Amino acid sequence: MSLEPKDEHDHGGWMKEKNLTPVETTFLTALIWMDRRFRIVDYLEILETLYYRVNMQMPKSHTEQYNLDNKFWYWYPLYALGSFSTIAYVVAAISGALLGFYYAPSTAGDPSVSYNQLAFIMTDLNFGFMLRSIHRWSAQVMVAAVFLHMLRVYFTGAYKEPRELNWLLGIILISLTMVFGYTGYLLPWDQLAFWAGQIGVEMSLSIPLIGEWVAQLIFGGFSLGAATLQRMYILHVFFLPFVVTALIGLHIAIVWIQGIAEPH
C-alpha cells in the first residue's frame, strides 16, 4: 500500500497525453510541484478574478467609448515614454551595481580617495570607461524620459479621475529621480561635484526655521567633507533604489489595473 497522496487530477497522465516540449514539461512539472505545496494556482485564480472585477468597474477609455480604434496612432510613441524611463532605470541600476564593486566613499576624512577610485575606473579598469558612461547616460535618459512622460500625461489629460493617485505618484517619482541624479552627481567628488554640493548646502541653509537642521541631516554640516560624501552614497545606493523601485512597481500596477488613458 502506497503512502503517497493520490493525485486527484492525474497531472502526470495529462502531461503524457500532450505533445509537450522539454521546456513546457519542465515548467509544468515545477508549477505542479509548487502548487501542491503552496496552492499557487488558487492564488492566481483569485488575482485573475480580482483583476476582471476591477476592470469591469473602471470607466471606458476614450477610444473604447467612441469606438475610435486606431485613430490615435500618432500618439503611440509618446505612450512609450513610461516604459522607456523604466528601461533606463533598470540599465542605470545594473550598471550602478557593477560600479559599486569598485567604488566606495572615503570615511577616513580624505574624500579625494573617492575621486582616485573613479579615476581608476575610468582609466585603468577594463571596460570601466564604458560602464561608467552607460550609467551616466542611462541616468540622463531617465531624467529626460520621466520629464517628457509627465508632460504627455498632463497634456493628454491622463491625470484626471480616476487616475489622480497615479499622477501624485508620478510627481513623487520625478522628484526622487532628481534627487537620484543629484546624489550621484556628487559621488565622483570632482570640482563639479564639490560646487554642486556647496550650492545644495546654501539652498538648505536658506530654508526658514529648519535650514540648519536640514543641512546637518543631508550634508553632515555647514561645509562639505567626508560626512557629506558618505550621506550622498547612502542615499544613492541604499535608500533611494528601494523606495523608487517600490513606487515604480506600484505605479505600473495601477496602470495595469486602470488601463491606458488615451488623449481626451
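The structure is a predicted model, in which local features need pLDDT of at least 70 and side-chain atom pairs count only at pLDDT 80 or more, whereas totals for chains, interfaces and linings use all residues. Residues are numbered from 1 along each chain as its sequence is written, and side-chain values use heavy atoms, with hydrogens and water left out.

The protein contains 11 helices and 0 strands, where helices (H or I, at least four residues) and strands (E, at least two) are DSSP runs numbered from the N terminus. Among contacts between residues at least 6 apart in sequence, 64% join residues at least 24 apart, a contact being a pair of heavy atoms within 4.5 Å.

The protein exposes about 18100 Å², of which carbon and sulfur atoms supply 67%; accessible areas come from the Shrake-Rupley method with a 1.4 Å probe, and for residues only the protein chains shown count as cover. A nonpolar surface patch of about 610 Å² is made by Val90, Ile94, Leu98, Phe101, Tyr102 and Phe120. Patches consist of residues with over 30% relative accessible area and no salt bridge, with like charges joined within 9 Å and nonpolar side chains (Val, Leu, Ile, Met, Phe, Trp, Tyr) within 5 Å; a salt bridge is a side-chain nitrogen of Lys or Arg within 4 Å of a carboxyl oxygen of Asp or Glu. Helix α5 (residues 81–99) gives the most to this patch, with 3 residues.

Ile94, which is found in helix α5, counts as exposed because its relative accessibility is 52%. Ser95 also lies in helix α5, but Ser95 is buried, with a relative accessible area of 4%. Leaving aside its neighbours within four places in sequence, Ser95 is in contact with Leu131, Ile134, His135 and Ser138, while the side chain of Ser95 reaches the backbone oxygen of Val91 at 2.8 Å.

Helix α9 (residues 191–205) has 15 residues, which should span 21 Å at 1.5 Å a residue, and its end C-alpha atoms are 21 Å apart, in agreement with that value; the expected span is 1.5 Å times one less than the number of residues. The buried residues of α9 are Ala193, Ala196, Gly197, Gln198, Gly200, Val201 and Ser204, and these pack against α8 (164–186) and α10 (211–219).

Notes: Buried means under 20% relative accessible area, exposed over 50%, partly exposed in between (1.4 Å probe, protein chains only). A polar contact is a pair of N or O atoms within 3.5 Å; within protein, one must be able to donate a hydrogen and the other to accept it, and residues adjacent in sequence count only if both atoms are side-chain atoms.
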